[in-house]
Amino acid sequence: MKGYIHQFESFGCVDGPGSRFIVFFAGCNYRCKYCHNPDTWIMKDGKLMETDEVLKEALSCRAYWGKKGGITVSGGEPLLQIDFLLELFTKAKKLGINTCIDTAGGPFTEEGEWFEKFKKLMDVTDLILMDIKHINEEEHIKLTGHTGKNVHEMFLYLDKIQKPIWIRHVLVPGITENEQYLTQTRDFIRTLSNVYRVEILPYHGLAITKYHEMGIKYPLESTPSPTQASIEKAKQILECDKYTRWKE
């Protein structure tokens with residue numbers, strides 16, 4: 001099985017428990033206004049690799065993972081390459097490797113062959129890092145170019161099977177900083193019983209240069225980063241301190 005890979009990061013420390021080997025998949029169906037990886041959008045721009053090649057790269061760093069570390073796949077959107085991902089994680093679990101998926105949930109559906117593969121993927125996945133791009137459907141479409149209804153369904157399914165998740169929410173002034181939306185997001189999170197962590201990711205415009213180099217207009221050119229006070233308020237509303245559990 002071959003898949004399109006954008007790049008690797010040897011020692012990630014914020015993308016799952018412990019020290020992580022991060023595999024950035026190429027290809028994404030979303031076009032989030034604040035995306036900081038526009039160079040991952042086109043799948044075929046990635047390097048075509050076999051699962052054994054990816055595992056070889058990861059295993060070269062295994063000595064540094066400790067008891068909690070492992071492999072995290074990110075992107076791009078890794079669920080767009082579910083066949084490759086399923087084979088990769090199946091092999092990883094046979095080697096006793098902790099596996100984590102960082103996803104926005106865009107490809108999720110409970111229908112057909114894709115869902116059957118997803119159920120098998122969950123059997124070899126230890127943790128999901130799941131984005132809540134926007135709690136409001138109209139605003140979700142404005143922000144990403146796609147509906148969030150299937151993402152909502154994915155949250156409910158992961159709760160049903162009790163798959164541990166960490167929720168991430170990017171705080172963007174003028175888009176997700178709104179107290180009403182934050183409160184609605186909190187109320188939704190409260191309905192889930194499988195949430196192990198909730199994180200606020202403050203928006204930053206560090207990718208502007210990358211957009212300019214690629215000849216792409218950056219949609220949030222004049223949007224500032226949120227203030228520290230705004231970040232703390234969002235953390236309080238989303239009750240981030242409440243979600244601190246994780247399996248040792």
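**Notes on the predicted model**

1. Lysine 210 is partly exposed, with a relative accessible area of 26%, where buried means under 20% relative accessible area, exposed over 50% and partly exposed in between (1.4 Å probe, protein chains only). Its side chain meets that of aspartate 39 in a salt bridge (3.5 Å, N to O), a term that requires a side-chain nitrogen of Lys or Arg within 4 Å of a carboxyl oxygen of Asp or Glu. Because lysine 210 lies in helix H7 and aspartate 39 in the loop between strand S2 and strand S3, the pair ties together parts that are 171 residues apart in sequence. Helices (H or I, at least four residues) and strands (E, at least two) are DSSP runs, numbered from the N terminus.

2. On provenance, this is a predicted model, in which local features need pLDDT of at least 70 and side-chain atom pairs count only at pLDDT 80 or more, while totals for chains, interfaces and linings use all residues. Residues are numbered from 1 along each chain as its sequence is written, and side-chain values use heavy atoms, with hydrogens and water left out.

3. The whole structure contains 19 salt bridges, including one between aspartate 83 and lysine 117 (2.6 Å, N to O). Asp15, Asp102, Arg168, Arg197 and Glu199 are linked in a network of such bridges.
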